[in-house]
Amino acid sequence: MAAPPKYPYRPSRRDRDRLPRTKPLTGRVIAVTGAGRGIGRAVAARLAAAGAAVAIGDLDAELAMETAGAIGAHPGGRPLGLPLDVTDTPSFEDFLRTVETQLGPIDVLINNAGIMWVGPFEEEPEEAALRQFDVNVHGVQRGMKLVIPGMRKRGRGHVVNIASAASKVAPAGEATYAATKHAVHGYSTAVRAELRGTGVHVSLVMPGVVDTELAVGTATGPTRRLTPDQVADAVLDVVLRPRFEVFVPRQVAALTRLAAVLPGRARDALHHHLVPDQLAALSDRSVRAAYEQRTRTARLPEG
């Protein structure tokens, strides 16, 4: 008898209530990176429940297959669980090729894989900084370069990049992470401009602090800690109604717009009161030690 999955998926009441009424993504093929756990896993489950044929890519191939099995069969069929190293071009090519061979042309790519190191900038190991740029920035760029040409030829497609509120603000203690998310925002903005009129959409989903292993030990500021399901709901919504910027929660959008028009001192004061100071919050660095060691050296992206 097969062992039970380590992380069984339990649909939320909202998910269960939605299922009998509509399958709005039936016939769509969607690939999700870093989907073995965390946000990516919740996104894959939500999209599969909405009828999409979903492929789950993760550096941990066993976990990817286990997640696909836990999500189970949906109108789009049982999700595919496949190995994927977003920092390696041949691996990404193999992933996309397998998805298209088994499911068909990819309609939507969700670039979700990401990692974070937290602490004083001068204490960050160079290896951790480089690794964050490899996964969070170059992984996103690689996915877009590989999947968009085919979408362009077909005259339709959608890339959803899971960024962060740190694309617009920069919490103390997250210097490199914030830099990577600012980079993803800038890159996505430029690519979107190049794709205007082609039928290919680019979206950015920017959540606040989410209850995943990536954010263990960090503070949320005045907003509540989000659940992966809340981010998955936002992703489902933007897949159904493509638009460029989506903040979760929406109040973050108002904060960033207000900050953009304030003079320097007022902007600094707003930042001080509303953006969490992760150096102050992380009183016990040991709570993040296992995660940061694993993502820095074992090359296991966390979504």
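**Close-up views of a predicted model**

Glu213 is partly exposed, with a relative accessible area of 30%, in this predicted model.

**View 1. Glu213 pairs with Arg294 in a salt bridge.** The closest N and O atoms of the two residues are 2.6 Å apart, and Arg294, at 17% relative accessibility, counts as buried. The pair links distant parts of the chain, since Arg294 belongs to helix α11 while Glu213 sits in the loop between β6 (200-207) and α7, 81 residues apart.

View 2. Asp229 is partly exposed, with a relative accessible area of 23%, whereas Arg46 counts as buried at 1%. Salt bridges that share partners join Arg46, Asp229 and Asp233 into one network, and Asp233 is itself among the buried residues of α7. Helix α7 (residues 228-240) has 13 residues and reaches 18 Å from its first C-alpha to its last, close to the 18 Å expected.

**View 3. Glu123 forms a salt bridge with Arg285.** The closest N and O atoms lie 3.7 Å apart, and the pair joins the loop between β4 (108-111) and α5 (126-154) to the loop between α10 (278-281) and α11 (289-297). Both residues are partly exposed, Glu123 at 48% relative accessibility and Arg285 at 34%.

**View 4. Helix α3 (residues 61-71) and its ends.** Asp60 caps the N-terminal end, with a side-chain oxygen 3.3 Å from the backbone nitrogen of Glu62, and just after the helix Gly72 takes a positive phi of about 80°. The buried residues of α3, including Leu63, Glu66 and Ile71, pack against α2 (38-49), β2 (53-58) and β3 (80-83).

Notes
Residues are numbered from 1 along each chain as its sequence is written. This is a predicted model: local features need pLDDT of at least 70, side-chain atom pairs count only at pLDDT 80 or more; totals for chains, interfaces and linings use all residues. Side-chain values use heavy atoms; hydrogens and water are left out. Helices (H or I, at least four residues) and strands (E, at least two) are DSSP runs, numbered from the N terminus. The expected span of a helix is 1.5 Å times one less than its number of residues. Buried means under 20% relative accessible area, exposed over 50%, partly exposed in between (1.4 Å probe, protein chains only). Contact means heavy atoms within 4.5 Å. A polar contact is a pair of N or O atoms within 3.5 Å; within protein, one must be able to donate a hydrogen and the other to accept it, and residues adjacent in sequence count only if both atoms are side-chain atoms. A salt bridge is a side-chain nitrogen of Lys or Arg within 4 Å of a carboxyl oxygen of Asp or Glu.
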